[in-house]
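The following exercises are to be worked through with the structure at hand. Each task is followed by a solution in steps.

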Amino acid sequence: MSNESASTTDCDNKPRVLIYCQHVLGMGHLIRSMAIARALRNCSVVFVNGGESLSGVDTPSWVTIVNLPPITTDSEFQSLNVHGESTTLEQVQQARKRTLFELVGHVRPDVVIIELFPFGRKRFAFELLPLLAHIRLSAPSTKVVCSLRDILVTKPDHVRHEDWVVSLMNRYFDLLLIHSDPTFQTLDETFSRCHDLRCEVQYTGFVTQGSDVSADVQTTDNLSVSDGRPLILTSVGGGRVGYELLDSSIRASTLLVQKLPHRMLVFTGPYMPEQQYVELHELAAQCSHIQVRRFTSSFESLMHQATLSISMAGYNTCMNLLNTGTRALVWPFTGHKNDEQTIRAKKLEQRGLLTLLRPADLAPEQLAEKILASLSGSHARTPHSINTNGGRETALSIERLAQQSDNRTTRSTWGSVSMPQPGQWQTALRRFLDEKQTEGRELHLFLRDDDVDEDEESLKHLLDLALARGVPMNLEIIPGRLTPACTATLKNVLRADRALLSLDQHGWIHSNHEPEGRKCEFGPSRSFTQQLNDIAQGKAILESTFEELFFPAFTPPWNRCTTDTYRALDELGFQVLSKDRGKDGITGYRFSEISTTLDLYTWKGGARMKAPHEIVQVLISQMDMLPMVGLLLHHKVMEQEAFVFLDQLMAELTRSAAVRLHTFQTLLPLTRESQTVPR
């Protein structure tokens, strides 16, 4: 595979489809996704490969390959790895996010297909959640599809995991395609929340490579395979796991060759470590009947000719077995408590379509007996009725979806954020930012959103904006009113970037205790002890709910409190107090004051957003005069106009190299400087 320029030409008015595939251990996900790309012959396809590039994979003319900087994992799925000493994982992640956003803007896909996520690949939320938020906000006509294999891996925290899956599927996806035959395996056997999915769900049948090879092909990849002797085809997919099976197969073959003359072709996979590949090559070097290779682009052709296949039980290999009817011995991968291959293999064995190898069978003597028994049995192909037409059925579903009008049921009431031509305020802001960049100034800003408690659509919309723009936000949570659904929503976003949100405390229950005058939860009517107890109770809830994700910053409701509040915050170990900045800063305590300087709303006579040009005029003045500027947001009252303006404003600010957007935690080092705000 090699990068090619993604084209947006649609001279034939073909639907434009972007496929995202991230393979990390084997190459099964890549092979299946490429089979779908080949089936989409009536579409213009951009195939985004997030794993290692694989040469030798046939790419049809309607498919353009884009290779992201590759990310892989170890066999136990414990860490993400990048290739090349000159780049860090964080640098690669940022580069990949930029590429995905640019592709959506350049290709303008009718359909985006994301393989496995969110049912798996949680570690890639860093790029996929921002991508999904970006599509929802900026490309609302694009349909989003999840492409899912037959069996899911059991998660240790399956309740929380399934909550996460349902939440993301219902918000961002239009269609779930399950590449399975429901008479063989249904999704609810490994995922219990199917009934909670609101998007359309379709079973496509199993996806196969769809090779049109003839069974009488004589040579493949310069390998002579038809000389009258039985051919044993031995493989382990990508090769990062399965070395033991290949080693045992070669040893069993040497024990068996005198009793039963045969040929053996061994494919280690392109990702097998070099040392293991060399060891297998040397082990087979003295045996003229055994050939060891890394990879072949004609695997199914070889399987057509093979008398016996010895392999693992991955999705693609099992589908090749069903298509060719080749007798098979399979050894399922069980690393990291993964039972996916075992479930599939046992069901196929029950139907008489293969033989399952147990751990003891990997002893060479035992495996030789298994091979002999398999080759001595009936040569008749075992019939089956399992649907393996998943590639074509997937293509038909995607083509239908691309032609549908926009009918996403989970669309927010505001719709997408539109980006009209720059107005006067944008021109003025750009001019100011360019000047400050030329001067070498750093402009420090933060956003604070109050009254976070429920799983509201307006809050989700604000979080989508944070994800899509990469804008950090400080969220002030009312602990006594926080709902489990809101908690889950906040944690979902933090899977993409733990530094994106600061989860802070907003009072206790946002209740007014003043019998007269201005509203206040921590006002003169409350004693020090009462205030201390309320704040401590709220802090304990947020600490137990969010653990290390909670940051000890405190915002008093209505931005009002007393010196007793300061004493309580000091005693409880808060690091930041944030309210509406007064004339004189608060000093003499262990916490720092980081208060907002500009509210987007006026409140007399009800909440009303200020005119954009007025907001920007004040913002420019504050950025010019103050060491840091804080914008106060209110998601509960924000409507379409406010979200459009906020997105436009963030687009301008993030475009400038002079601007630094912060959470309270990253602002703390700057609070040593003078922060007096003139009135």
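A residue counts as buried when its relative accessible area is under 20%, as exposed when it is over 50%, and as partly exposed in between. The model used throughout is a predicted one.

**Exercise 1. Cysteines**

Step 1: a disulfide requires two cysteine sulfur atoms within 2.5 Å. The cysteine sulfur closest to that of Cys561 belongs to Cys520 and lies 7.0 Å away, which is too far for a bond.

Step 2: Cys146 is likewise in no disulfide, since its nearest cysteine sulfur, in Cys199, is at 8.1 Å. Cys146 is buried, with a relative accessible area of 0%.

**Exercise 2. Helix H3 and Ser138**

Solution. Step 1: H3 covers residues 125–138.

Step 1: Ser138 belongs to H3. Between the C-alpha atoms of Ser138 and Val104 the distance is 9.6 Å, although 34 residues separate them in sequence.

**Exercise 3. Helices H5 and H6**

Task: State how H5 and H6 are oriented to each other, and describe their contact by residue class.

Solution. Step 1: the axes of H5 (residues 243–256) and H6 (residues 274–284) are 10 Å apart and form an angle of about 5°. Angles under 35 degrees count as roughly parallel, and H5 and H6 are therefore roughly parallel to each other.

Step 1: H5 contributes Tyr243, Leu246, Asp247, Ile250 and Arg251 to the contact, while H6 contributes Gln276, Glu279, Leu280, Leu283 and Ala284.

Step 2: by class, this contact comprises six nonpolar, one polar and three charged residues.

**Exercise 4. Surroundings of H16**

Task: Identify which elements the buried residues of H16 pack against.

Solution. Step 1: the buried residues of H16 (residues 563–571) include Thr565, Tyr566, Ala568, Leu569 and Asp570.

Step 1: the buried residues of H16 pack against helix H15 (528–546), strand S21 (550–555) and strand S22 (576–577).

Step 2: just after H16, Gly573 adopts a positive phi of about 80°.

Technical notes:
Residues numbered from 1 in each chain as written. Predicted model: local features only at pLDDT ≥ 70, side-chain atom pairs only at ≥ 80, totals over all residues. Heavy atoms only, no water. Helix = DSSP H or I, 4+ residues; strand = E, 2+ residues; numbered from the N terminus. Axes fitted to C-alpha atoms, helices over the stretch in contact; angles between N-to-C directions. Parallel < 35°, antiparallel > 145°, perpendicular 65-115°, else oblique. Contact = heavy atoms within 4.5 Å. Nonpolar A, V, L, I, M, F, W, Y, C, P; charged D, E, K, R; others polar. Buried < 20%, exposed > 50% of the residue type's maximum accessible area, 1.4 Å probe, protein only.
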